[in-house]
Amino acid sequence: MWEYSEKVKDYFFNPKNSGILEDADGVGDVGAISCGDALRLMIKVDQPTQTIIDAKFQTFGCGSAIASSSALTELIIGKTIEEAMGLTNQDIAEFLGGLPPEKMHCSVMGQEALHAAIANYRGEVWVDDHEEGALICKCFGIDEGMIERTVRTNGLTSIEEITNYTKAGGGCSTCAEGIEEVLARVNAEMVAEGALAADRAFVAGAAPLPVKEKKVVSVNAGANTSKPLTNLQKIRLIEETLESIRPSLQRDGGDCELVDVEGNRVMVKLTGACVGCHLSSATIEGVQARLVEALGMPLLVIPVTNVH
Amino acid sequence: MTVSPVYLDNNATTRCDPEVVAAMLPFFTEQFGNASSMHAFGSEVGGAIAKARRALADLLGAEFDHEIVYTGGGTEADSTAILSALETQTGRTEIITSAVEHPAVLTLVAHLEKTGRAKVHVIPVDARGRLDIEAYARALSDKTAIVSIMWANNETGTIFPVEQLARMAHGVGALFHTDAVQVVGKIPMDLKNSAIDMLSLSGHKLHGPKGIGALYVRKGVRLRPLIRGGHQERGRRAGTENAPAIIGLGKAVELAAAHMAQEQTTVKALRDRLEAGLLQRIGNSFVTGDVENRLPNTCNIAFEYIEGEAILLLMNREGIAASSGSACTSGSLEPSHVLRAMNIPYTAAHGAIRFSFSRENSEGDVDRVLEAMPPIIEKLRDMSPFWRERDVHTAAFNPTYA
Ligand SMILES: Cc1ncc(COP(=O)(O)O)c(C=O)c1O
Ligand code: FES
């Protein structure tokens with residue numbers, strides 16, 4: 001059982017502002033049932049003062065998701081739109097007297113829903129995240145912008161923390177490499193800006209930091225310099241290699257098809273026995289190892305599921 | 001909370017029977033000797049262990065007492081069986097298992113595959129959790145070192161046709177191991193007339209102590225110990241015997257044998273009444289697993305459009321303990337691998353609750369749950385954005401990221 005604070009329990013057992021807000025001025029929907037949590041935030045705004053005068057939520061999710069949603073409504077009622085935009089997931093977590101690390105993503109979902117609802121109120125389409133960078137984690141639909149923002153707001157320095165806060169990496173974990181690259185880049189930027197001590201920054205490829213030890217930071221994230229293959233050659237080679245692996249997968253009642261290649265990301269579709277079992281990540285790793293060997297360059301094999 | 005708690009999570013662990021505790025106590029204090037010692041302190045313990053071993057062999061229907069190797073639990077028994085087979089079956093490097101095994105097996109074989117020590121075939125299951133026998137037949141070959149497929153699944157209770165699977169494995173010269181942790185004590189066994197080569201069990205699932213289990217190894221099957229050292233367990237599992245736990249397990253086994261019929265009658269009747277009552281009172285819910293072919297004590301119900309951890313928290317407030325395959329309770333972010341392997345839709349997999357009974361449950365427990373569940377489910381569905389829009393939710397609920 002999780003160790004929830006008294007306030008989390010209270011907001012879960014007796015949630016405030018749950019339900020539907022008739023004639024809401026702004027509605028924000030985030031999450032999806034496949035991801036295990038989803039939140040709809042509805043706000044009512046007083047036009048002249050630009051103040052949020054009422055808010056209600058509907059949530060599908062665990063105890064802390066429901067508590068975070070309720071806390072969010074309490075935090076924003078009475079605030080101006082401008083003030084509300086400044087609210088972070090940290091504010092939600094603090095309001096609740098803290099959340100278990102594995103549950104921080106619930107507070108992040110609250111912040112996302114707020115931004116979505118405000119965008120909807122302003123008549124904008126809330127897509128800023130997706131324009132901020134590539135989709136990093138396919139399992140949970142987490143893109144680079146979302147990871148970057150969460151790393152900055154919460155001063156994150158490890159992959160585990162990113163998984164706890166955003167869920168990215170918590171499924172098949174094939175996106176670990178992508179997350180590492182973003183984390184290394186953002187941490188390096190934070191160090192340069194003076195927002196993070198150099199010895200706490202994540203460095204790709206380095207061993208986990210021993211507690212409180214000085215380290216020379218040499219950022220070499222994504223060091224992928226030589227590019228001898230043309231795109232077409234690359235795709236051909238990938239196809240050939242996959243063809244050679246398929247028979248052994250088919251023997252197990254599974255299969256693997258190439259869907260797309262984007263830079264060093266190889267999107268594949270796994271079917272049959274491989275899908276949905278814990279071992280699918282082992283399969284993916286195997287496929288990835290073979291491709292890396294055949295092409296002689298770093299590649300990231302990403303399973304594209306049709307479940308999501 | 002003044003009402004007594006209702007414990008329906010017996011597949012997770014059971015209460016140690018007071019008779020078991022009583023049987024164990026003297027072996028902490030008066031009879032504390034080391035069974036290997038020459039003096040009287042030791043030999044008394046040795047005798048008690050021999051009696052416990054006999055009781056366990058009887059429950060399993062094993063021919064010889066020395067077919068029992070005590071381990072530190074079900075997980076250790078699983079590891080011992082699989083790793084041993086890779087060593088003894090020279091020239092064979094493949095493992096066959098199912099997609100719904102306990103992590104005690106799945107995590108191990110995934111690691112073996114990752115480190116290049118074995119090739120692993122994971123046999124899928126259908127929507128009711130039944131093994132794809134054709135895929136199994138195709139995976140078997142003269143490369144198969146061992147097949148490890150559970151006797152019954154811990155989440156849904158679905159029973160696998162282990163006897164048939166074992167004979168098929170022998171057809172290609174492979175060993176057959178089964179994780180029977182959820183089955184021992186619930187279903188009668190007769191291993192002396194069985195093709196099963198190795199079988200894992202765990203004390204704490206049958207009202208015995210935690211941290212004790214056993215691997216049954218049929219006479220003639222070679223075993224390479226997982227833990228090497230002293231000569232205990234005939235050199236097959238080194239380390240001073242956990243005498244109190246072994247003796248406690250012996251008592252638990254005697255009690256299980258005495259109550260075996262009750263599992264199929266009283267316990268099953270309680271489970272069936274709960275299941276029928278919940279389905280009748282709560283719409284948009286269904287049973288997962290192979291309903292006709294299940295452990296008598298287990299029932300796994302998926303409540304659509306709500307999330308399992310939230311359900312468990314509200315149940316806990318009513319003093320009812322069960323468990324969930326939901327992602328959020330386990331700390332992993334995806335719903336249980338068992339429900340995913342069965343392709344249970346995400347709308348339901350997140351809200352699946354497992355109720356597991358034991359002989360200690362009563363009609364009153366069932367009444368309590370039948371009364372408590374409908375308002376809990378209703379409260380959460382009321383809060384869920386998917387509930388009101390369940391037929392059109394794809395159209396109406398339009399999340400910005402997914
Ligand atoms: C099917 C199955 N196998 C193995 C185990 C692990 O047993 P133990 O806890 O004794 O290591 C369990 C219990 O959680 C189980 O349900
Ligand atoms: S966990 Fe990120 S893509 Fe699977």
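Which residues of H7(A) are buried? Keep that in mind as you read these notes; point 2 gives the answer.

1. **What you are looking at.** This is a predicted model, in which local features need pLDDT of at least 70 and side-chain atom pairs count only at pLDDT 80 or more, while totals for chains, interfaces and linings use all residues. Residues are numbered from 1 along each chain as its sequence is written, chains are lettered from A and ligands numbered from 1 in the order in which they are written, and side-chain values use heavy atoms, with hydrogens and water left out.

2. **Helix H7 of chain A.** The buried residues here are Glu144(A), Gly145(A), Met146(A), Ile147(A), Glu148(A), Thr150(A), Val151(A) and Asn154(A). Buried means under 20% relative accessible area, exposed means over 50%, and partly exposed is in between, using a 1.4 Å probe and protein chains only. Helices (H or I, at least four residues) and strands (E, at least two) are DSSP runs, numbered from the N terminus. Helix H7 (residues 144-154) of chain A is largely enclosed by the rest of the structure, because 8 of its 11 residues are buried.

3. **The two ends of that helix.** At the start of H7(A), a side-chain oxygen of Asp143(A) comes to within 3.2 Å of the backbone nitrogen of Gly145(A). After H7(A) comes Gly155(A), with a positive phi near 60°.

4. **The surroundings of ligand 1.** Look next at ligand 1, which has 13 residues around it; the closest are Gly74(B), Thr75(B), Asp179(B), Ser202(B) and Lys205(B). A residue is near a molecule or strand if one of its heavy atoms lies within 4 Å of it. The shell consists of 2 nonpolar, 8 polar and 3 charged residues. In this sorting, Ala, Val, Leu, Ile, Met, Phe, Trp, Tyr, Cys and Pro count as nonpolar, Asp, Glu, Lys and Arg as charged, and the others, Gly among them, as polar. Helix H3 (residues 74-88) of chain B gives the largest share of the shell, 3 residues.

5. **Polar atoms facing ligand 1.** Which distances separate oxygen atoms of ligand 1 from side chains? For an N or O atom in the side chain of Thr75(B), the distance is 2.6 Å. For an N or O atom in the side chain of Gln182(B), it is 2.8 Å, and for a polar side-chain atom of His102(B), it is 3.1 Å. The protein covers 85% of the 390 Å² of accessible area that ligand 1 has on its own. Accessible areas come from the Shrake-Rupley method with a 1.4 Å probe, and for residues only the protein chains shown count as cover.

6. **Another residue of helix H3.** Ser84(B) is also found in helix H3 of chain B. Ser84(B) is buried, at 1% relative accessible area, and its side chain reaches the backbone nitrogen of Arg224(B) at 2.9 Å.

7. How many disulfides does the whole structure hold? The search over all chains finds 0, where a disulfide is a pair of cysteine sulfur atoms within 2.5 Å. The sulfur of Cys106(A) has its closest cysteine sulfur in Cys62(A), 4.0 Å away, which is too far for a bond. Cys62(A) is buried at 0% relative accessible area, and Cys106(A) is buried at 1%.

8. **A ring pair between chains.** Over all chains, the structure has 4 aromatic pairs. In one of them, Phe60(A) and Phe386(B) have ring centres 5.3 Å apart and planes at 80°, so the pair is edge-to-face. Rings of Phe, Tyr and Trp (its six-membered ring) pair if their centres lie within 6.5 Å; planes under 30 degrees apart count as stacked, over 60 as edge-to-face and the rest as tilted. This pair crosses between chains, from strand E3 (residues 51-60) of chain A to the loop between helix H12 (363-383) and helix H13 (393-396) of chain B. Phe60(A) is buried at 0% relative accessible area, and Phe386(B) is buried at 2%.

9. **Two positive phi values.** Most residues other than glycine have a negative phi. His207(B) has a positive phi near 65°; this residue is in the loop between strand E7 (198-202) and strand E8 (213-217) of chain B, and is buried at 4% relative accessible area. Asn343(B) has a positive phi of about 60° and is exposed, at 60% relative accessibility.

Terms used. A polar contact is a pair of N or O atoms within 3.5 Å; within protein, one must be able to donate a hydrogen and the other to accept it, and residues adjacent in sequence count only if both atoms are side-chain atoms.
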